[in-house]
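User: I have a model on my screen and want to learn to read it. Can you take me through it feature by feature?

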Amino acid sequence: MKPKYWGLLATSLLFLIFIVLSMKLESTTYLYIASVCPILVVPFLPDIRSNQYIKPKVNGAVRLISMENKDGGDTEFLVILFEPGYIKWNGGKLFFNLADNMKDVYVKPDPFAATLTVLKYDLFKHRRKKNWIGISLAQLEQRTEQLSYTTNEVNRLLIRTSDIQELLQANFKQPASVGQQVGA
């Protein structure tokens, strides 16, 4: 377990102990101590708002589209289309499921579209969910400082499919190499 969970468990247990003691001994002192315990719990609560998950099938505000090169070249892209303001840029990470992408969908040209390119080092794999890829929003937001538009105007994210495939293959190769080094 992570230290944050141990802290949450310990402060919750302390709260329950002081509540039981205040009832058993009919002591207001223990009751006052128990009333302070919820304040001690707050730093250990998980931050739910730090991660965002894109679920295109739930709401139509976002779409994941795989764009393939018709010429046979190696320029396949994954485009994430969304309404401006859909992404909360002050959040830490944006996750999407690779299984939710649509193929052979026509993307209407938009002269007012603001697109951000997601680079290889912006991507990472979700720790527990299979086929979920994360994007570091802080790094994307830093790059927009040099652009003529802001993050509030962005309505498309462009990701190279080869970067995603490389990320998935790198994560599968790491455990084997670690195991070989330990056995040596």
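User: In what sense do β2 and β3 pair, and over how many bridges?

Analyst: First, the ground rules. This is a predicted model, where local features need pLDDT of at least 70, side-chain atom pairs count only at pLDDT 80 or more, and totals for chains, interfaces and linings use all residues. Residues are numbered from 1 along each chain as its sequence is written, and side-chain values use heavy atoms, with hydrogens and water left out. Now the terms: helices (H or I, at least four residues) and strands (E, at least two) are DSSP runs, numbered from the N terminus. Two strands pair if DSSP finds at least two bridges between them. Here β2 and β3 are antiparallel, with six bridges. Within that pairing, V62 stands opposite F82, and I65 has V79 as its bridge partner.

User: What is the order of the four-stranded sheet?

Analyst: That open sheet runs β1-β4-β8-β7, and its pairing is mixed. For angles, axes are lines fitted to C-alpha atoms, for helices over the stretch in contact; angles run from 0 to 180 degrees between N-to-C directions. Neighbouring strands of this sheet are turned by 30° against each other on average, direction ignored. β7 and β8 are antiparallel over three bridges, and L123 has I135 in β8 as its bridge partner.

User: Which strands of this sheet does α3 touch?

Analyst: Contact means heavy atoms within 4.5 Å. α3 packs on this sheet against β1, β4 and β8, and its direction makes about 40° with that of β8.

User: Which residues have the most contacts inside the largest nonpolar core?

Analyst: The general idea comes first. In soluble globular proteins, nonpolar side chains tend to be buried together. A nonpolar core is a set of buried Ala, Val, Leu, Ile, Met, Phe, Trp, Tyr and Cys residues joined through side-chain atoms within 4.5 Å. The largest one here has 26 residues, and I80, F96, I135, L157, I159 and I164 have the most contacts inside it. Elements that each supply at least two residues include β3 (77–82), β4 (93–97), β8 (132–136), α3 (137–144) and α4 (161–183). Take F96: beyond its neighbours within four places in sequence, its contacts include L64, I80, W132, I135, I159 and I164.

User: How many salt bridges does the structure hold, and which parts does the E166 pair tie together?

Analyst: A salt bridge is a side-chain nitrogen of Lys or Arg within 4 Å of a carboxyl oxygen of Asp or Glu. The structure holds two. E166 pairs with K120, with the closest N and O atoms 3.1 Å apart. E166 lies in helix α4 and K120 in the loop between β6 and β7, so the pair ties together parts 46 residues apart in sequence. E166 is partly exposed at 39% relative accessibility, and K120 is partly exposed at 43%.

User: And how far apart are the closest N and O atoms of R143 and D122?

Analyst: They are 2.6 Å apart, in a salt bridge. R143 is in helix α3 and D122 in the loop between β6 and β7, 21 residues apart. D122 is buried because its relative accessible area is 0%. R143, at 21%, is partly exposed.

User: Which side chain of opposite charge is nearest to D163?

Analyst: Lys and Arg count as positive and Asp and Glu as negative; His and the chain ends are not counted. For D163, the nearest is R160, 4.5 Å away. D163 is buried yet has no salt bridge. This residue sits in helix α4. Not counting residues up to four places away in sequence, D163 touches V118, L119, K120 and L123.

How values were computed
Buried means under 20% relative accessible area, exposed over 50%, partly exposed in between (1.4 Å probe, protein chains only).
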